[in-house]
Amino acid sequence: MKAPTQKGQVTNASETQYWRSIGQSIGKEEHPDWTDREFPEGASELPENFSRRDFLKLMGASAGLAGAGMLGVGCRRPEEVIVPFGSEQEPGQDYVHGVPMYFATAMPTRTGATPLLAESNEGRPTKVSGNPDCPSVEGSADGFAYASILNLYDPDRARQYTKNGKVFTKRNALDELSEMGSKEGARTAFLMPESTSPSRKRLIRDIQAKYGDRVGFYVHEALDFKIHQRAATEAFGRPIRPSWKLAKASVVLSLDCDFMGAEEGSGHYTCDFSKTRKLAKASDQMSRLYSVEALLSQTGANADHRLRSNASQIALVASYLARKLGIEVPSGSAGVDTGLSDNQTAWLDACLKDLKNHSGKGLVLSGYRQPEAVHILVHRINDALGNNGKTIEFLPVESEETGSLQDLANDLGKFDRVIDLGCNVQYDGGASIRGDAITQRTEFRLTNFKHDESHSSEGIINAPRAHYLESWGDAFTSDGTLVPVQPLIAPLFDAMSELEVLAAFIAGKEKRSTGYEVVQSTFDEIAPEQSWERYLHVGFLQDSQTTPVTAEDLKFSSDVPSIEVAPIKTGEVELIFTRDYSVDDGRFANNGWCQEVPDPITKITWDNVISVSRLTSEELNLKHGEMAELRLGEEKVEAPVWVQPGQADNCLGLPLGYGRTGKLRIANFEYESRPLINNEFFGSEKIPVGGFDFYPLRSHPGVSIVRGGKIRSTGKAYPLSSTQEHWSMEGRPIIREATLAEYRKSEAKRASEIDKEDYNEKHFFPDNLGLGSHARNEGKIYKHPYKANPETQSDMHQWGMSVDLNSCMGCNACVIACQSENNIPIVGKEQVANGREMHWLRIDRYYTGRNHNPQEKDPNGLPLIKAIKDKGQDGDDLQHTEEWIDDPQVVNMPMSCVHCESAPCESVCPVNATVHDAEGMNVMAYNRCVGTRYCSNNCAWKVRRFNYFDYNKRPLENLYDSPMTKPSLFFDWLGDREKSSKDEDEWDLLKLAKNPQVSVRMRGVMEKCDYCSARIQNAKIAKKVKAGASGDVMLKDTDIKTACQSACSADAITFGNLLDKDSAVVAEKANTRTYETLDFLDNGARTTYLAKVRNPNPDMPDAYEKPFSTKEYKASEGHGDEHDHHHHEKEGGH
Amino acid sequence: MSLEAGQPVVQTTTPKELVREPLVLNNRSLGWITNQVVGIIEGDMPKWWNIAFGVSFVLMLMSFGYIGYLVTTGVGVWGLNHPVAWGWAIVNFVFWIGIGHAGTLISAILFLLRQKWRTSVNRTAEAMTIFAVICAGIFPGIHVGRIWLAWWLFPLPNANAIWPQFRSPLLWDVFAVSTYFTVSLLFWYMGLIPDLATIRDRLRKNAGQCKTGLGKMINKLKQFLYGLFSMGWIGSNRHWRNYEKAYLLLAGLSTPLVLSVHSIVSFDFAVSQLPGWHTTIFPPYFVAGAVFSGFGMVLTLMIPMRTIFNLEEIITVRHLELMCKVIMATGTIVGYAYGMEFFIAWYGGNPYELYAFKNRAFGPYWWAYWIMISCNVISPQLFWFKWCRRTPWFIFVVSIFVNIGMWFERFVIVVTSLHRDYLPSSWGYYSPTQVDILTFVGTFGLFMVMFLLFIRYLPTITIFEVKAVTPQADPHTVEGGADKVKGGDY
């Protein structure tokens, strides 16, 4: 590390840079050019000794190319003033080298925006997190937001303006746009993705006003989240959109609505919902979640009661509920009551009773995959239950006059040209819309990638599309708050935003406004009285949220829609197209973090699968993990089959967004055969990565549920990389659960029996449920190695963490935030298959099962739950054939290093590379690690991660290569770019995303969670600076948050100082639900868990008195219910 | 003979004379023994030696090549993964270290116990020990992630005052194995000195027979080298007195090492908290297993050697039989340990422990477990039958089984315990890659290269000690009157 440059001291070593920052000139015209020395010498610059190849490239690229291209000729001075965020530094405060700055910005989404706080290190954004000050989301963000930073540094990003294959400049491109606009008689269609940007709306209005019929605007999205707005508008006859207030709901029924996962804004919904699941004490109220769905979604996985139903049958469910509430649902020709079994109606009756009992506090939700009629019915159901205006609000929206992709296809003849603002209709347009016709007519397009599906050079101006962190914009969040999209860095490749395109189109060559000007004037128009600086400073416009329509103003204007669903015929399957949890609709497909993050349900990485239920797989003769050919009409797709627990029968889950065909290094990749390492898993064939494209099976964008289609197994095996192969918890008390009733009972018992002063007895809850049979040994043989030496401990800070399993919904946001914070490399599909994924934080997902036959009852009249038989040697290969997986309960557990006080890893490391620090953390000295891996073997939680290869330096396809087999690698090592095997961009671009506060580990080194110790140290320094002579240097909860903690929308993770009696973590650990995983090992984990509590409704036909995991535990341990206490006593002395 | 009434039976029955089998058959003379042993070195090596050496050498180079590949690429070229962070490298390490146990046991413990039969086998067994420890030493060295920093395991003073972690069994390993290697090497070399002097003297005597100039030069070079390493041994009384004392001391020093090395190797596992590793039975069980595997390897090497070099009269069937008995005894101990592990897993009542052992026998690696059981527990039991332990080809086959079984024992311990431990979410499966397999195969090449060179240049049998156990060595025996001597075991 170079010594920090002093303020104003210019160390300008080179004029050339790969990137330019605008973060450096806060309120100043002149700024120190400190960015040059951000990396060790020679790493990020084009220094004195740049090679001949580089030079030629540079010359070629700079022919008529001012300041564009990868080589970034010339450092352009920043153009605008950006304002850092308020909570860390006051506006205008000077930059301090080495101290990260924070800026408020927002990630625009289809139907809103996620307000964010972006961390800037030496002028480059390295990390985002939710903006905690913005009231509309309360700091929540989903995994996509955390991952989006990597898209900025995607080496496959488009980098050049090209026209007819020739390199072009941004200025030329803008000139061309101005010409297109001003040319008399030419008719232009704009094809755009969804956006809520008021600036875009204003520009469109202006263009329409100026050019009238000469222009047309068409919006295309592969996934139709606008359905919520359309359905509400249709139902109530005015332009409104629903806004769910989950925090106010105590009974929620989700009809195929995955509000915790696949719905847009899931981060905020999770945040709201988790508030109703917090149990500080047993008497607290807790909400109840019912879910009716076909695919096992994250929402279904967290539901207290879940009913499997075909996706198309959801309409029947809705109409059944509506009719029960006295709403006349006109029936179609096939009738409405067909299709629901007695079991299902009994379930719905009991659920409806619960909803009725919670009138005004219940909420029925319908998901984006459902047709409009279902949504309208659901609005009526909520109305009948008195929920409208209470748990669901309706916000007025501005109506828009844009067409759909289908409209554009129809109107194509009317236009001379199409300007594409970043849609890839060639890929996701759907089978019946001929994307190539539109592409042929396209004359200008904003493109994300150098080479994607629709890349073409014929007559098209290709312009690189700017990332939201490098361009100006604005958006409305889900509650209507106006947020700015503030760039942190000047466009890396001089990329262009859609606002710039529109502004250029309307203006002449001379008075084009920049993105900044557009956004600022929109702001001035919306809030002329408000301060622009303050708006950027806090990242939102105070009190700008939309006022909801009052309940009195909500009148249904349309008739009750008729519902007609034909029963599924034998052999027929239903195709359900769904947003992928990892790559969205494909927009994150080239993002390594997204590809490698395990799907929260299947735990598959790098691929998508056709998910199918156990019974349907048997009926259709589909084999788990084998390829199948799926036909629908003319189209066919081959993809692997995955038998998914909890999936409804007769339907296939088809996650979209994979199977890209362009030259994308992450999304579309193939592993070469390896003559040296013919790993058993891969054989010698080439193995494709990046999944399968189901878009061709859809006729139109937005289509989600399709009946018909034929599927047959082709018998070919396909290797899938899953991070968790074993589904069952084997009856081990790892994730401890209780029902709310049980919890309350046990607490009452505790209150009467136990002396509350005794610390150990605070952990009474799991013990009392018979889950603590391997409880800590009271009379310890050995001295506590940490507590034995009190002089080595800090008496100011002792760190600890508590994870509330009742709040964790398993959304993966923490996993990606951790990856981003800690420079965790991706390892690729092949390595994941070998079990070498590097995530410091993982989410363990177990299925717990019940007996398949619901007719069998126990003496209390409840469905009998049988122990799951271990299938021994073939367990993992046969688990998908077992009956218990049909209706499983799902449990999630975030797992990372638990920081044992008596850490088993420390005593076995021969070189003292992993040691205990004074603040109770188990730390890794990476520089000291020689890589014996003994620590990993001795870790009972298996949370340590070993760098089996040089993941940070070698491209994924070169991991197995050695300079012995591939001499060019030797030049990588020497740093000789000219002779190296690496692509030019892989040298530098990927490095920009790294967090300079955390070291990047080389191969052969063990790594693991360190409670974000870099953050702790920074917080300590900041606190000391602030404290001055006052001596107030103890960190409080507000001073320090780990990356996972701040990423958790559900607030499931609490981290803090155990010596600070006011800290949240102390309060959490005092909760009686606290337990330690594997506590019998007596390692003294600093990360503890709060047991999960389920809230089943005893009136439901599928009620359960104990969670399945508890039943499993008791069955596998031979504990009968009546012997609980006896066993507990007997085994207490382990 | 007929019995008359009243006559005691005892007086009429001549007790059958119990004859101990001689240690050297056919009453060979002392000179014959020297000729037979040194003759191997002095003569030209047969063609098979050249072929075997060539093959072994190629295998060795292959192993070095794979190690080079490993070092330049990363430990990921092996099949290791996250639950199973130790695989073949550690299995091979323990396997080779185990083999290295027979030599020192034979030469030290049997020496102290005055088991004279050891004299015919100790030299080869000790050589085998040293070569096996060399092979073993490679693996912990190369299995670490950053091989170039492996020296940090040694407690070297440094400016940062960072010391190794003295609580780590891996560090104890470094001390145990290096001590064992050093002492074994010294012990072996000590024992070689009188024989090296013999060779040196014979070279001088044979110098005249060298016809060509090159032959003469080679003879001179050999004289110099053998002379150098025999350290001026002239067999004087004083030499012998010092020698005997030193040998006894080294034997005393080596004896605890035989027990300690594998005990400490077993601590690599026993000290951990992993079910399947965390077992107090490990030290004795590992030592017994090591002796078992060591004797297995000694037999594997000696049976062909004695036939090829006509040493059947010195390494007799009796020697083989005695070694078979050791194999049977230690194999039974190992079998008992396997059973006891299961009993304790059940009796201890720890469900994780119980699962680990059930999983060993019936989980995904069941085949490894049952190979281990059949090779280690069942096959040595055949030695209850006299024919089995006296038929060299049969012993050879069983010794191969023992080698295989003991490799699998280590595989079972290392891999099956790791692949499914506490949290089922982390369970995985480990399979080796080509690099794992061929690096290991290559170490046999290294071992054989060293062993073949040993045969080529050093006396495979301790000439002077064997002579000492022949009847002729007894001062009361008249040379040539050996036919009156019934047993050779004085």
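Across all chains of this predicted model, a search of the whole structure returns 62 salt bridges. The following selections visit several of them, then a helix pair in chain B.

Select Lys275(A) and Glu138(A) first. Their side chains form a salt bridge with an N to O distance of 2.6 Å. Lys275(A) belongs to helix H6 (residues 266–275) of chain A, whereas Glu138(A) sits in the loop between strand E3 (124–130) and helix H2 (143–152), so the bridge ties together parts 137 residues apart in sequence. Lys275(A) is partly exposed, at 39% relative accessible area, and Glu138(A) is likewise partly exposed, at 39%.

Next, display Arg417(A) with Glu443(A), whose closest N and O atoms are 3.0 Å apart in a salt bridge. Strand E14 (residues 417–420) of chain A supplies Arg417(A), and strand E15 (residues 442–447) supplies Glu443(A), 26 residues away. Arg417(A) is buried, with 5% relative accessibility; Glu443(A) is partly exposed, at 28%.

Move to Glu742(A) and Lys1106(A), another salt bridge, with closest N and O atoms 3.0 Å apart. Because Glu742(A) lies in helix H19 (residues 740–753) and Lys1106(A) in the loop between strand E41 (1092–1094) and helix H31 (1108–1117), the pair ties together parts of chain A that are 364 residues apart in sequence. Both residues are buried.

Finally, select helices H6 (residues 118–143) and H10 (residues 282–308) of chain B, which pack at about 120° with axes 10 Å apart. The two helices are therefore oblique to each other, and their crossing is right-handed. Val121(B) and Met128(B) are among the H6(B) residues in the contact, which on the H10(B) side includes Gly294(B) and Leu301(B).

How values were computed. Residues numbered from 1 in each chain as written. Chains lettered and ligands numbered in written order. Predicted model: local features only at pLDDT ≥ 70, side-chain atom pairs only at ≥ 80, totals over all residues. Heavy atoms only, no water. Axes fitted to C-alpha atoms, helices over the stretch in contact; angles between N-to-C directions. Helix = DSSP H or I, 4+ residues; strand = E, 2+ residues; numbered from the N terminus. Parallel < 35°, antiparallel > 145°, perpendicular 65-115°, else oblique. Left-handed = near helix turned anticlockwise from the far one by under 90°. Contact = heavy atoms within 4.5 Å. Salt bridge = Lys/Arg side-chain N within 4 Å of Asp/Glu carboxyl O. Buried < 20%, exposed > 50% of the residue type's maximum accessible area, 1.4 Å probe, protein only.
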